[in-house]
Amino acid sequence: MKNTPCPLSKKCGGCQLQNMDYDRQLKYKQALVGKLLGGFGKVERIKGMDDPTHYRCKVQAAFGTTRSGKIVSGVYQSSSHRIVNVDSCLIENEKADAVIVTIRSLLPSFKIRPYDEDKRAGLLRHVLVRVGQNSGEIMVVLVTASSQFPSKNDFVKALLNAHPEITTIVQNVNIRRDSMVLGEIDKPMFGKGYIIDTLCGCTFKISPQSFYQVNPKQTEHLYNAAIELAHLTGEERVIDAYCGTGTIGLIAAKHAKEVLGVELSESAVRDARLNAKLNKAENIRFVCADAGEVMEEMAAQNESCDVVLMDPPRAGSSKQFLESLVRLSPERLVYISCNPETLARDLRFLTKNGYKVKKIKPFDLFPFTKHVETVVLLKKEEPILR
Ligand code: SAH
């Protein structure tokens, strides 16, 4: 696929590989993973997308006013607080973009002003739209600087009139002064206040605050590969470390004896428990704690574990986690990584401590950006009998 570079690419900075056609992007990522991980074994061919455009199912736009008084919405210009006006984006869901443009055009007639951080005046700070890839449900979150919303019902009516496909609208009140997009209070204005989506045969509830992969199509391929590599037979005790809202663990639970999900964020664990109920999964439980500490405790108590699935943040895993993992000594380890550099570092440790890399497969979850995900299967090395 040949692409014409986006006119906003310099100001936005989100798509670093903007100037490469998609085949070259895949080759670039393949080479990057090859360079960092090729020493551990053969790197399989990267799984790209058939259509690499408009994959982002979560779209966020900041709202503001230019000096001449025009309302703009889009992304912050790299390392500044100036907003680059975005009407449509190569990688964002097109419906989500259209909804945001509609909201921008509705504001003047409702006399709603974007929030001005310096003057601390105005109302609308951000709009977040989430689209359920498989369910088709659409959630619109209007992030406001105070809890009022003038002509709320008429605004909702006008928005639904333009986009009847919206299934829920939520007002999120954010009175903070930092750069966090969402505040703590969610007030449903229309519909149930969240959307549902399905991934690998499981159902997930996505609230305004929930973490959920932004490219569900590719995530499905990634998770299916991870589960396949884990080679679950229904007998295994599995740990899903850095489990987020429990996605991988819940999919694994269908094929394992029991799963323990470990996650640091309280709200993610709350969502994970809800997702377990939603999927009637009774063989999974979650603890809210540092994954390294939980692993250390389990190793100290000589607990057994057959398979560890791990999906740490970009920084990779901690020494404490990896050392305890080696002590726990699961047969198989499936490492899902969003950063091949820290992955290489962690693999160096694991391969020096009794594990062997059996498979390395990259996935392109974020076309046009420099990011690449990799799933790696490691197995415990058999002791050499003499
Ligand atoms: N596996 C999930 C989420 C992966 S993102 C999914 O695919 O949806 C990484 C997760 O690790 C985040 O949810 C983050 O909150 C969590 N995390 C970060 N540091 C952690 C730590 N020290 N212990 C446990 N979880 C941690």
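On one side of helix H4, Asn153, Lys157 and Asn161 are exposed, that is, over 50% in relative accessible area, where buried means under 20% and partly exposed lies in between (1.4 Å probe, protein chains only). The model is a predicted one, in which local features need pLDDT of at least 70 and side-chain atom pairs count only at pLDDT 80 or more, while totals for chains, interfaces and linings use all residues. Residues are numbered from 1 along each chain as its sequence is written, and side-chain values use heavy atoms, with hydrogens and water left out.

Helix H4 spans residues 152–162, and Phe155, Val156, Leu159 and Leu160 are buried in it. These four lie on the same side of H4 because they cover an arc of only 130° around the axis, the arc being that of the directions from the helix axis to the C-beta atoms. Helices (H or I, at least four residues) and strands (E, at least two) are DSSP runs, numbered from the N terminus. The partners against which the buried residues of H4 pack are helix H3 (94–110) and the strands E5 (138–144), E6 (168–173) and E7 (185–190), with contact meaning heavy atoms within 4.5 Å.

An N or O atom in the side chain of Glu263 is 2.6 Å from an oxygen atom of the ligand, and a polar side-chain atom of Gln213 lies 3.1 Å from a ligand oxygen atom. A polar backbone atom of Ala291 is 2.8 Å from a nitrogen atom of the ligand. Taken alone, the ligand exposes 580 Å², of which the protein buries 82% (Shrake-Rupley method, 1.4 Å probe).

Ser337 lies in strand E14 and is buried, at a relative accessible area of 3%. Not counting residues up to four places away in sequence, Ser337 touches Leu343, Val372, Glu373 and Thr374. Asn339 sits in the loop between strand E14 (332–337) and helix H10 (340–352), and Asn339 is buried too, at 13%. The backbone nitrogen of Asn339 lies 3.0 Å from a polar side-chain atom of Ser337. Leaving aside neighbours within four places in sequence, Asn339 is in contact with Arg314 and Val372.

Key
Polar contact = N/O pair within 3.5 Å; in protein donor to acceptor, adjacent residues only side chain to side chain.
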